[in-house]
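The model and sequence are shown below.

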Amino acid sequence: MSIMIACHQVQQYYGAQQVLSSVTLEIHSGRKVGLIGMNGAGKTTLFRLLSGQERPYQGDVHIQKGAKVGYLAQVPDYAAGITVLEVLRSSFSDLLALQQRMEELALRMSDTDQSEQQLDKAIRDYGDAMERFERAGGYEISARIDSIANGLGIPAAHYTEPVEKLSGGEKTRV
């Protein structure tokens, strides 16, 4: 098994307070790892380092090329006014960007002031984008959001509410 994540002698400070001291670890691909510790032990700091949100004060953090590290904050921090549905839809940002691209290509295909070559290219690009969108489940985004939200106990009636009006537990579920 190859090493997916490695830390060597990592130290991290916030101001004068040392939060991590000489952290050395290896996580091998295919392994499931849990991190347990008391409040203030540095778990969140370590995850911020592993996800690239912060750089260590000292030491090295290595992530295998092509590997992705995700980090879900304990207390979500959303922009003021963002709705529950906007947060839920953000999980599909790649598909939504592809959908936007398809809409732009559809407009280009309807442009009568273009050459036949330009029209052919727009049609091919649209077909490619639509195939990727369909393969990735783009037409089921709303149904997937509803299904997941329902499973997490997020009622559809909350979709239009600003996230900042929710309780801490509701924000975490969102």
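Helices α3 and α4 are roughly antiparallel to each other, because an angle over 145 degrees counts as such. In this predicted model, α3 (residues 93–109) and α4 (residues 116–135) pack at about 155 degrees with their axes 9 Å apart. Axes are lines fitted to C-alpha atoms over the stretch in contact, and angles run from 0 to 180 degrees between N-to-C directions. Helices are DSSP runs of H or I with at least four residues, numbered from the N terminus. The crossing of α3 and α4 is left-handed, meaning that the near helix is turned anticlockwise from the far one by less than a right angle.

Contact here means heavy atoms within 4.5 Å. On the α3 side, the residues involved include Leu95, Leu98, Met102 and Leu105, and those they meet in α4 include Leu119, Ile123, Tyr126 and Phe133. The residues of this contact divide into 13 nonpolar, 1 polar and 4 charged; Ala, Val, Leu, Ile, Met, Phe, Trp, Tyr, Cys and Pro count as nonpolar, Asp, Glu, Lys and Arg as charged, and the others, Gly among them, as polar.

The largest nonpolar core has 19 residues, and Val84, Leu88 and Val174 have the most contacts inside it. Such a core is a set of buried Ala, Val, Leu, Ile, Met, Phe, Trp, Tyr and Cys residues joined through side-chain atoms within 4.5 Å, where buried means under 20% relative accessible area with a 1.4 Å probe, protein chains only. The elements giving two or more residues to this core are α2 (84–90), α3, α4 and α5 (141–151), and α3 gives the most, with 5 residues. Apart from this core lies another, of 9 residues, among them Val10, Leu20, Val23 and Leu46.

Residues are numbered from 1 along each chain as its sequence is written. Local features need pLDDT of at least 70, side-chain atom pairs count only at pLDDT 80 or more, totals for chains, interfaces and linings use all residues, and side-chain values use heavy atoms, with hydrogens and water left out.

Note on methods
Angles under 35 degrees count as roughly parallel, over 145 as roughly antiparallel, 65 to 115 as roughly perpendicular and the rest as oblique. Buried means under 20% relative accessible area, exposed over 50%, partly exposed in between (1.4 Å probe, protein chains only).
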